[in-house]
Amino acid sequence: MSPGRRVPPNFFGFGFGLAGLGEIWRVAEHYGRAPAVVATVLAAVSGLAWLAVLLVYLRYVMGGHPALSRDFTDPALAPFVSLAVIVPMFLAVLGVFPYAPRLGELLFDAFLTLTVILGGWFTGQWIYGPLELDKLHPGYLLPTAAGGLIGSDGAAIVGQHRLAEVMFGFGVLSWLTIGSIIMGRLFLRPPLPAQLFPTLTIEVAPAAVASLAWFDNHGDHIDAVTAVLAGYGLLMVLAQLRLLPAYRRLPFTPGTWSFAFSWSTVASAALHWLNDIRPPWYQAEEYLLVAAISLLISAIAARTMTALCRHELFPQITEAGPVAPAQPADRALTGPAEG
């Protein structure tokens, strides 16, 4: 990495997306559709991606750049800082707990504590500091809604069921509060800039992650809560169809990784539904889901490696930061799409 390049915190999304892929393979293994080794390998790859980004990010921070304080208050990138602790919390359950339960639980508890503290700090910062409505985007769901719901799912898996209920409240109420503000911004204010447009896919994730947390804490069957969550999740998935023409015109950026975790969680929740209602050919549909998500995330990973080899991955350090403000071209990109 050259001195003139920045390491933005949304790079932690690389490991996050790979962990989501490991999650769907773990669910497939639970239903006898895949060997356990695949999820284990993906968890290891995700851990290596997280560690590589962490080391590069720490090197950048200690290199004399005022990166840390700026990233914690950056209106576009600050929410992605939370992935630095959410990813290892996720991996403690996905990759460590199945083989070393005590160690996995200890790691999970440690990173869950950091996730809660950081989520609280961001909430206080958004209350206390100046926050422009037009700067909000769905990534603001990460520190509290995603952190809380992933924490709830993890707590259920390691057997801490009361904690899972607490974290479910932490995540769902944050989702309802922050999500409503974000949706109002998306409905009523100018379109997101092109660099942040991929974060719109994060809107499909909260209902799916909440469903996974509920399944793991209350039993692997459809009930009134999971049905309600599925109703909203279906709405968000269908809304994405209208955005496909704009998505096709987007250039590749690290923000493209927003598609990875979001859609892997939707597919993981869908596997639970298929195994509960068991429609005709449901087993074939499960294999297709796993294959489709694996292909999507593999393509994103391959494009990331290509950008890295071409020295196109790291943004230049500028006064404005790596995410430029919206330009008229962004409106052309994200506005009404031709069929």
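Here is a short chat about salt bridges in this predicted model.

The model is predicted, so local features need pLDDT of at least 70 and side-chain atom pairs count only at pLDDT 80 or more, while totals for chains, interfaces and linings use all residues. Residues are numbered from 1 along each chain as its sequence is written, and side-chain values use heavy atoms, with hydrogens and water left out.

Trainee: Is E286 buried or exposed?
Mentor: Good one to check. Buried means under 20% relative accessible area, exposed over 50%, and partly exposed in between, with a 1.4 Å probe and protein chains only. E286 has a relative accessible area of 2%, so E286 is buried.

Trainee: Which side chain meets E286 in a salt bridge?
Mentor: The N to O distance in this pair is 2.5 Å. E286 meets the side chain of R33.

Trainee: In which helix do E165 and R162 both lie?
Mentor: Their side chains meet in a salt bridge at 2.6 Å, N to O. Helices are DSSP runs of H or I with at least four residues, numbered from the N terminus. The two residues are three apart, about one turn of the helix, and both lie in α7.

Methods. Salt bridge = Lys/Arg side-chain N within 4 Å of Asp/Glu carboxyl O.
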